Amino acid sequence: MRIFSRRNRLPAAAIVLGGVAGCAAVGLWPAREAPVATTTSSCSTWLAGAVSAAPVAFTPSRAACAIPNPVRAERLATGLSQPVLADCDLLATFDRFLAEIVQPAAQRHLGQPVATTLVGPGHQCRTVYNRPGAKMSGHASGRAVDVSGFRLQDGSTVILKRDWRSPDGRSRFLRA
(Lines give C-alpha, C1' and ligand atoms only; values in the text may rest on other atoms or scores of the structure.)
Protein backbone atom coordinates (compact mmCIF):
# COMPACT_ATOMS: atom_id res chain seq x y z
CA MET A 1 0.00 0.00 0.00
CA ARG A 2 1.36 3.40 -0.93
CA ILE A 3 1.22 5.99 1.82
CA PHE A 4 0.46 8.87 -0.54
CA SER A 5 -2.36 7.16 -2.40
CA ARG A 6 -5.51 9.27 -2.83
CA ARG A 7 -7.07 7.54 0.20
CA ASN A 8 -4.08 8.22 2.51
CA ARG A 9 -3.08 11.68 1.33
CA LEU A 10 -4.67 13.60 4.24
CA PRO A 11 -3.27 11.50 7.12
CA ALA A 12 0.17 11.52 5.52
CA ALA A 13 0.00 15.27 4.99
CA ALA A 14 -0.94 15.78 8.64
CA ILE A 15 2.14 13.88 9.77
CA VAL A 16 4.44 15.75 7.43
CA LEU A 17 2.89 19.11 8.33
CA GLY A 18 3.03 18.30 12.02
CA GLY A 19 6.65 17.31 11.63
CA VAL A 20 7.66 20.56 10.03
CA ALA A 21 5.32 22.90 11.88
CA GLY A 22 8.25 24.26 13.85
CA CYS A 23 10.08 25.02 10.62
CA ALA A 24 7.29 27.38 9.53
CA ALA A 25 8.37 29.89 12.17
CA VAL A 26 11.83 30.13 10.58
CA GLY A 27 10.58 30.15 6.99
CA LEU A 28 11.63 26.63 6.06
CA TRP A 29 8.12 25.35 5.36
CA PRO A 30 4.76 27.07 4.89
CA ALA A 31 2.48 26.92 7.94
CA ARG A 32 -0.87 25.19 7.36
CA GLU A 33 -2.82 22.35 8.86
CA ALA A 34 -4.65 19.48 7.18
CA PRO A 35 -7.59 17.50 8.49
CA VAL A 36 -7.02 13.85 9.27
CA ALA A 37 -9.39 11.17 8.06
CA THR A 38 -9.87 8.18 10.34
CA THR A 39 -10.35 4.52 9.54
CA THR A 40 -10.82 2.40 12.65
CA SER A 41 -10.42 -0.93 10.84
CA SER A 42 -6.95 0.05 9.59
CA CYS A 43 -6.05 1.04 13.14
CA SER A 44 -7.10 -2.32 14.57
CA THR A 45 -5.20 -4.19 11.88
CA TRP A 46 -2.11 -2.06 12.46
CA LEU A 47 -2.25 -2.45 16.25
CA ALA A 48 -2.32 -6.24 15.91
CA GLY A 49 1.12 -6.11 14.28
CA ALA A 50 2.57 -2.98 15.87
CA VAL A 51 6.07 -3.31 17.31
CA SER A 52 5.49 -1.36 20.52
CA ALA A 53 2.16 0.44 20.66
CA ALA A 54 -0.94 -0.20 22.74
CA PRO A 55 -4.33 1.38 23.42
CA VAL A 56 -4.42 3.38 26.65
CA ALA A 57 -7.10 4.79 28.92
CA PHE A 58 -7.10 8.53 28.49
CA THR A 59 -9.15 11.22 30.21
CA PRO A 60 -8.68 14.63 28.60
CA SER A 61 -8.31 17.77 30.70
CA ARG A 62 -11.17 19.28 28.68
CA ALA A 63 -13.61 18.09 26.00
CA ALA A 64 -11.78 19.87 23.17
CA CYS A 65 -8.74 17.72 23.91
CA ALA A 66 -10.24 14.25 23.59
CA ILE A 67 -8.36 11.68 21.50
CA PRO A 68 -10.75 9.52 19.42
CA ASN A 69 -8.73 6.31 19.76
CA PRO A 70 -5.78 6.91 22.15
CA VAL A 71 -2.64 4.82 21.71
CA ARG A 72 0.81 5.16 23.26
CA ALA A 73 3.68 4.16 20.98
CA GLU A 74 7.22 3.62 22.16
CA ARG A 75 8.59 2.28 18.87
CA LEU A 76 7.32 2.30 15.30
CA ALA A 77 9.26 1.52 12.11
CA THR A 78 12.10 3.34 13.90
CA GLY A 79 12.74 3.94 17.55
CA LEU A 80 11.12 7.07 19.00
CA SER A 81 13.07 9.54 21.15
CA GLN A 82 10.16 9.53 23.62
CA PRO A 83 6.79 7.76 23.89
CA VAL A 84 4.04 9.33 21.79
CA LEU A 85 0.38 9.55 22.82
CA ALA A 86 -1.81 10.09 19.76
CA ASP A 87 -4.81 8.86 17.82
CA CYS A 88 -4.34 5.31 16.58
CA ASP A 89 -5.06 6.15 12.94
CA LEU A 90 -2.41 8.87 12.97
CA LEU A 91 0.17 6.54 14.53
CA ALA A 92 -0.64 3.79 12.02
CA THR A 93 -0.08 6.25 9.16
CA PHE A 94 3.06 7.64 10.82
CA ASP A 95 4.43 4.09 11.13
CA ARG A 96 3.83 3.47 7.40
CA PHE A 97 5.41 6.86 6.60
CA LEU A 98 8.55 5.92 8.53
CA ALA A 99 8.74 2.47 6.92
CA GLU A 100 7.82 3.36 3.35
CA ILE A 101 9.14 6.91 2.93
CA VAL A 102 11.74 7.76 5.60
CA GLN A 103 13.74 4.51 5.69
CA PRO A 104 14.14 4.18 1.90
CA ALA A 105 15.08 7.87 1.64
CA ALA A 106 17.67 7.47 4.41
CA GLN A 107 19.24 4.50 2.63
CA ARG A 108 19.22 6.33 -0.73
CA HIS A 109 20.60 9.68 0.45
CA LEU A 110 22.56 8.80 3.60
CA GLY A 111 23.57 5.19 3.00
CA GLN A 112 22.14 3.94 6.30
CA PRO A 113 18.82 3.51 8.09
CA VAL A 114 17.22 5.79 10.67
CA ALA A 115 17.53 4.24 14.13
CA THR A 116 15.44 6.81 16.04
CA THR A 117 12.97 9.50 15.03
CA LEU A 118 13.24 12.58 17.24
CA VAL A 119 9.66 13.42 18.19
CA GLY A 120 7.56 15.48 20.57
CA PRO A 121 5.07 13.76 22.88
CA GLY A 122 2.12 13.96 20.46
CA HIS A 123 -0.92 14.97 22.52
CA GLN A 124 -0.80 18.44 24.01
CA CYS A 125 -4.02 20.23 24.96
CA ARG A 126 -3.25 23.56 23.32
CA THR A 127 -4.11 25.99 20.54
CA VAL A 128 -2.10 26.40 17.34
CA TYR A 129 1.29 27.88 18.31
CA ASN A 130 -0.10 28.25 21.86
CA ARG A 131 -1.74 31.51 20.80
CA PRO A 132 -4.66 32.66 22.98
CA GLY A 133 -7.96 32.51 21.08
CA ALA A 134 -6.52 30.48 18.19
CA LYS A 135 -8.17 27.27 17.01
CA MET A 136 -7.18 24.04 18.73
CA SER A 137 -4.00 22.42 17.44
CA GLY A 138 -4.00 18.96 15.89
CA HIS A 139 -1.99 18.02 18.99
CA ALA A 140 -5.06 18.65 21.16
CA SER A 141 -6.93 15.71 19.59
CA GLY A 142 -3.87 13.50 19.16
CA ARG A 143 -3.72 14.12 15.42
CA ALA A 144 -0.25 15.63 15.16
CA VAL A 145 3.26 14.52 16.00
CA ASP A 146 6.19 16.91 15.75
CA VAL A 147 9.34 15.50 14.18
CA SER A 148 12.48 17.53 14.81
CA GLY A 149 14.98 15.14 13.25
CA PHE A 150 16.43 11.66 13.01
CA ARG A 151 19.26 9.75 14.66
CA LEU A 152 20.95 7.44 12.18
CA GLN A 153 22.34 3.96 12.74
CA ASP A 154 25.89 5.33 13.16
CA GLY A 155 24.72 7.77 15.88
CA SER A 156 24.86 10.93 13.75
CA THR A 157 21.78 13.16 13.57
CA VAL A 158 19.82 14.92 10.86
CA ILE A 159 17.93 17.88 12.34
CA LEU A 160 15.19 19.59 10.31
CA LYS A 161 15.95 23.14 11.40
CA ARG A 162 19.73 22.77 11.06
CA ASP A 163 20.01 20.54 7.98
CA TRP A 164 17.13 21.60 5.71
CA ARG A 165 19.50 23.70 3.61
CA SER A 166 22.70 21.71 4.09
CA PRO A 167 24.72 21.15 0.89
CA ASP A 168 24.86 17.37 1.29
CA GLY A 169 22.72 14.25 1.54
CA ARG A 170 21.03 15.44 4.74
CA SER A 171 19.06 18.09 2.87
CA ARG A 172 18.20 15.70 0.03
CA PHE A 173 17.02 13.15 2.61
CA LEU A 174 14.78 15.67 4.40
CA ARG A 175 13.29 16.93 1.15
CA ALA A 176 12.65 13.37 -0.07
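**Sheet, disulfides and contacts in a predicted model**

Me: Three bridges join strand 5 to strand 6; do these strands run parallel or antiparallel?
Reply: The model is predicted, so local features require pLDDT of at least 70 and side-chain atom pairs pLDDT 80 or more, while totals for chains, interfaces and linings use all residues. Residues are numbered from 1 along each chain as its sequence is written, and side-chain values use heavy atoms, with hydrogens and water left out. Two strands pair if DSSP finds at least two bridges between them, and three bridges join strand 5 to strand 6. The sense in which strand 5 and strand 6 run is antiparallel.

Me: Through how many residues does the hairpin join strand 2 to strand 3?
Reply: Strand 2 runs antiparallel to strand 1, to which four bridges join it, and Ala-53 stands opposite Ala-73 in strand 2. With strand 3 (residues 79–87), strand 2 pairs in the antiparallel sense over five bridges; there, the bridge partner of Arg-72 is Leu-85. The hairpin joins strand 2 to strand 3 through three residues.

Me: Where does helix 3 bend by about 35°?
Reply: At the N-terminal end, Asp-87 caps helix 3, with a side-chain oxygen 3.1 Å from the backbone nitrogen of Asp-89. Helix 3 is followed by Gly-111, whose phi is positive, near 75°. A bend is the angle between axes fitted to the seven residues ending at a residue and the seven starting there. Helix 3 bends by about 35° at Leu-98.

Me: Why does the disulfide of Cys-43 and Cys-88 tie together separate parts of the sequence, and how far apart are the two sulfur atoms?
Reply: The link of Cys-43 and Cys-88 is right-handed, with 105° about the S-S bond. Cys-43 lies in helix 2 (residues 40–49) and Cys-88 in helix 3 (residues 88–110), so the pair ties together parts that are 45 residues apart in sequence. Buried means under 20% relative accessible area, exposed over 50%, and partly exposed in between (1.4 Å probe, protein chains only); Cys-43 is buried at 1%, and Cys-88 is buried at 0%. A disulfide requires sulfur atoms within 2.5 Å, and those of Cys-43 and Cys-88 are 1.7 Å apart.

Me: Is Cys-125 buried or partly exposed?
Reply: Cys-125 forms a disulfide with Cys-65, the sulfur atoms being 1.8 Å apart. The torsion about the S-S bond is about 70°, so this disulfide is right-handed. Cys-65 is buried at 0% relative accessibility. With a relative accessible area of 29%, Cys-125 is partly exposed.

Me: What pattern do the disulfides follow, with bonded cysteines counted along the chain?
Reply: The count comes to two disulfides. Counted along the chain, the bonded cysteines give the pattern 1-3, 2-4.

Me: What is the geometry of the aromatic pair of Phe-150 and Phe-173?
Reply: Rings of Phe, Tyr and Trp (its six-membered ring) pair if their centres lie within 6.5 Å; planes under 30 degrees apart count as stacked, over 60 as edge-to-face and the rest as tilted. The structure holds one aromatic pair. Both Phe-150 and Phe-173 are buried. Their ring centres are 5.2 Å apart and their planes stand at 75°, so the pair is edge-to-face.

Me: With which residue does the side chain of Asp-168 make a polar contact?
Reply: Asp-168 lies in the loop between helix 4 (160–163) and helix 5 (169–175), and is partly exposed at 29% relative accessibility. A polar contact is a pair of N or O atoms within 3.5 Å; within protein, one must be able to donate a hydrogen and the other to accept it, and residues adjacent in sequence count only if both atoms are side-chain atoms. At 2.9 Å, the side chain of Asp-168 makes such a contact with the side chain of Ser-166.

Key. Helix = DSSP H or I, 4+ residues; strand = E, 2+ residues; numbered from the N terminus.
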